[in-house]
Each structure stands twice: as C-alpha cells, then as structure tokens.
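Work through the following exercises with the sequence and the model side by side. Each task is followed by a solution that goes step by step.

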Amino acid sequence: MHRRKAFGSSAAFQYPIDVAVQDGLGPVYWPMDELHTSPEATAHFGVGLRQLHVFWYDEAIKSFERCIAVDPGFSLGYWGLALAYKQVLWQTEDLQAGQQALQAMELKGRQQDLSPRAALYINAVKKLYTPDKSIDERERAYNAAME
C-alpha cells in the first residue's frame with residue numbers, strides 16, 4: 001500500500017519561498033515510500049513538481065537543480081529537470097538540456113531505487129528526448145507511453 005502525502009506547506013516540506021506563494025501552488029501527490037532521498041531533496045522535488053504543474057518552468061528548473069545538488073543520485077530529480085525543459089505551454093523546448101539531464105541521470109542516478117511507476121515515467125520522458133526524431137514523433141511516443 002502506498003502512503004500518499006501532498007507536497008504542501010507542512011513543516012516537513014517548507015521551502016525558501018514565500019509561504020503564500022508556495023501554498024498557492026496547490027498540492028501534488030506522490031507516494032512517499034517511492035521517494036528514496038533526503039527530506040531536503042524531497043522538498044525541492046515537491047516544489048519543482050508544483051511549479052511544473054503551474055507552468056513556472058524556469059523556477060521548476062531551479063528547484064530540480066537544487067534537488068539534484070542535494071542528492072545527485074536521486075533519479076526523479078533528473079526526470080523533473082528534463083520535463084521542465086519541455087515547455088508545452090510556450091511550445092518551446094531545450095532539447096539539448098533535456099538530453100543532458102537524462103544522460104546525467106543515467107550516469108549518476110540510483111536506478112535500483114525506482115518504483116515501477118517511477119521507471120515508467122522516466123521511460124516516457126526519455127521518449128521526449130530521443131535523438132534523430134521529429135518533435136511530432138517524440139511527442140506522440142511520449143503520449144503513448146503515458147497512456
């Protein structure tokens with residue numbers, strides 16, 4: 001059974017941004033037993049997810065970079081970073097930066113810590129950054145992997 005907890009403004013997940021802004025981002029749920037990292041890295045990851053979901057891509061990039069700086073082996077930090085470089089709302093992407101994030105994950109990430117769900121999410125985001133494919137092909141492959 002997975003324990004679900006929101007990345008909210010509880011004491012365990014305080015983050016160095018204005019609390020009203022943090023609370024306004026809304027909750028994002030992830031099974032806590034799937035996050036094999038420190039509370040500090042978890043806090044950065046949670047805020048990054050929340051920022052990503054409100055299309056604050058540049059801020060999400062910073063949060064995921066902080067997460068990775070705290071725990072360079074936390075694979076989901078790289079996953080979030082790669083997603084933040086795919087800025088769907090603005091119809092832009094930084095293909096090279098996303099690919100670099102995933103390459104760093106392959107080198108440094110603790111793949112053995114991934115839950116089956118996290119492994120599927122990572123596999124899906126890899127499809128967004130497949131070399132030698134058009135943006136349309138990559139997006140269709142990602143969407144199919146997320147179904």
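**Exercise 1.** Determine how the axes of helix α6 and helix α7 are arranged, and which residues make the contact.

*Solution.* In this predicted model, local features need pLDDT of at least 70, side-chain atom pairs count only at pLDDT 80 or more, and totals for chains, interfaces and linings use all residues. Residues are numbered from 1 along each chain as its sequence is written, and side-chain values use heavy atoms, with hydrogens and water left out.

Begin with the axes: those of α6 (residues 116–128) and α7 (residues 135–146) come within 7 Å and cross at roughly 165°. Angles over 145 degrees count as roughly antiparallel, and α6 and α7 are therefore roughly antiparallel to each other.

Next, list the contact, which means heavy atoms within 4.5 Å: α6 contributes Y121, A124, V125, K127 and L128, while α7 contributes R138, E139, A141, Y142, A145 and M146. Sorted by type, the residues of this contact comprise eight nonpolar, no polar and three charged.

**Exercise 2.** Decide whether Q87 is buried or exposed, and find its contacts outside the nearby sequence.

*Solution.* Locate Q87 in strand β3 (residues 86–87). Its relative accessible area is 15%, so Q87 is buried, a term that means under 20% relative accessible area, whereas exposed means over 50% and partly exposed lies in between (1.4 Å probe, protein chains only). Leaving aside neighbours within four places in sequence, the residues in contact with Q87 are Y57, D58, I61, T92 and E93.

**Exercise 3.** Classify the aromatic pairs F45 with F74 and W79 with Y121.

*Solution.* Rings of Phe, Tyr and Trp (its six-membered ring) pair if their centres lie within 6.5 Å; planes under 30 degrees apart count as stacked, over 60 as edge-to-face and the rest as tilted. By this rule the count comes to five aromatic pairs.

For F45 and F74, the ring centres are 5.3 Å apart and the planes stand at 80°, so this pair is edge-to-face. F45 belongs to helix α2 (residues 39–53) and F74 to the loop between α3 (57–70) and α4 (75–84), so the pair ties together parts that are 29 residues apart in sequence. Both F45 and F74 are buried.

For W79 and Y121, the values are 5.8 Å centre to centre and 20° between the planes, and the pair is stacked. W79 lies in helix α4 and Y121 in helix α6, so parts 42 residues apart in sequence are tied together. W79 counts as buried at 8% relative accessibility, while Y121, at 27%, counts as partly exposed.

Finally, F45, F64, F74, W79 and Y121 form one aromatic cluster.

Key. Axes are lines fitted to C-alpha atoms, for helices over the stretch in contact, and angles run from 0 to 180 degrees between N-to-C directions. Helices (H or I, at least four residues) and strands (E, at least two) are DSSP runs, numbered from the N terminus. Angles under 35 degrees count as roughly parallel, over 145 as roughly antiparallel, 65 to 115 as roughly perpendicular and the rest as oblique. Ala, Val, Leu, Ile, Met, Phe, Trp, Tyr, Cys and Pro count as nonpolar, Asp, Glu, Lys and Arg as charged, and the others, Gly among them, as polar.
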